[in-house]
Amino acid sequence: MQTQKALLVVDIQNYFCPGGALGVSEGDQIIPVVNKYVELFQNKLLPVFISRDWHPKETKHFKEFGGPWHVHCVQNTNGGKFHPDFRVPEKAIILSKGTDPLLDGYSVFDAFDPDNKQFIDVLNQLSIDELYICGIATDYCVRFTALDALKNGFKVNVLIDAIKGVDKEKSKRTLDEIGAKNAKMKTFAEVIKELIKK
């Protein structure tokens with residue numbers, strides 16, 4: 001039986017790109033490839049999900065309130081906006097995570113759509129069973145999201161030419177960890193071949 005595929009772009013936000021408070025080195029360099037994936041999935045009429053960290057001003061996620069992180073991606077601030085080079089399509093479904101002040105919200109499976117539906121419920125409603133994941137950061141939100149997707153029985157493809165991590169060694173270990181749980185590592189050339197077959 002053919003699977004229903006969707007693209008998931010994780011946290012291409014100003015704060016996580018160079019110049020941001022938690023800027024990932026060269027994080028902005030993946031954006032042209034991410035834009036190509038978005039265009040490809042749109043052209044094939046496949047869903048595009050885009051996640052964002054969307055924290056309240058006070059959350060246990062931040063150092064000031066006992067968490068590990070400097071203040072970042074606060075709702076309705078410039079740092080929380082998507083990077084200006086990232087082309088967000090009109091029909092993309094925006095998923096907000098980290099909105100609960102008591103939870104970290106690393107995984108997109110902790111996120112909600114604009115109608116306040118949990119991500120997994122949206123996936124089930126659309127009969128999606130295969131995710132193509134890209135974005136920032138490999139060793140944090142991409143990792144937690146991919147592991148949750150696998151745990152929930154989804155087929156997972158990590159788009160290795162469209163991810164960037166905080167720490168190179170940790171990112172490599174992350175890909176090994178996800179791969180060991182049957183996620184596939186793919187590039188744009190491989191994905192375009194797959195989708196053209198559809």
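**Figure 1. Contacts of L123 in the predicted model.** Setting aside residues up to four places away in sequence, L123 touches F49, F109, I128, L131 and F154. L123 sits in helix α2, which covers residues 119–125. With a relative accessibility of 0%, L123 counts as buried, because buried means under 20% relative accessible area. P47 is 76 residues from L123 in sequence, yet the two C-alpha atoms are 9.7 Å apart in space.

**Figure 2. Helix α3 beside helix α4.** Helix α3 spans residues 138–151 and helix α4 spans residues 168–180. Their axes come within 10 Å and cross at roughly 5 degrees. Angles under 35 degrees count as roughly parallel, so α3 is roughly parallel to α4. On the α3 side, the contact is made by T138, D139, Y140, R143, A146, L147 and L150. On the α4 side, K170, S171, T174, L175, E177 and I178 take part. By type, the residues of this contact are 6 nonpolar, 3 polar and 4 charged.

**Figure 3. The cis peptide bond between I136 and A137.** The bond that joins I136 and A137 is cis, with omega at about -10 degrees. A137 belongs to the loop between β4 (130–136) and α3.

**Figure 4. D11, a residue other than glycine with positive phi.** Phi of D11 is near 55 degrees. D11 is found in the loop that runs between β1 (5–10) and α1 (31–43). Its relative accessibility is 0%, so D11 counts as buried.

**Figure 5. N116, not a glycine, with positive phi.** The phi angle of N116 is about 65 degrees. N116 lies in the loop between β3 (93–97) and α2. N116 is exposed because its relative accessible area is 59%, where exposed means over 50%.

**Figure 6. The chain that holds these sites, with 5 helices and 6 strands.** Starting at the N terminus, the order of elements is β-α-β-β-α-β-α-β-α-β-α. The radius of gyration is 16 Å, close to the 16 Å that the globule rule gives for 198 residues, so the chain is as compact as a globular protein of that length. The C-alpha trace spans about 50 × 35 × 30 Å along its principal axes. Of the 198 residues, 49% count as buried. Among contacts between residues at least 6 apart in sequence, 72% join residues at least 24 apart. The chain exposes about 9,900 Å², and carbon and sulfur atoms supply 50% of that area.

Terms used
Residues numbered from 1 in each chain as written. Predicted model: local features only at pLDDT ≥ 70, side-chain atom pairs only at ≥ 80, totals over all residues. Heavy atoms only, no water. Helix = DSSP H or I, 4+ residues; strand = E, 2+ residues; numbered from the N terminus. Buried < 20%, exposed > 50% of the residue type's maximum accessible area, 1.4 Å probe, protein only. Contact = heavy atoms within 4.5 Å. Axes fitted to C-alpha atoms, helices over the stretch in contact; angles between N-to-C directions. Parallel < 35°, antiparallel > 145°, perpendicular 65-115°, else oblique. Nonpolar A, V, L, I, M, F, W, Y, C, P; charged D, E, K, R; others polar. Rg over C-alpha atoms; globule rule 2.2 N^0.38 Å. Areas by Shrake-Rupley, 256 points an atom, 1.4 Å probe, with all protein chains shown as cover.
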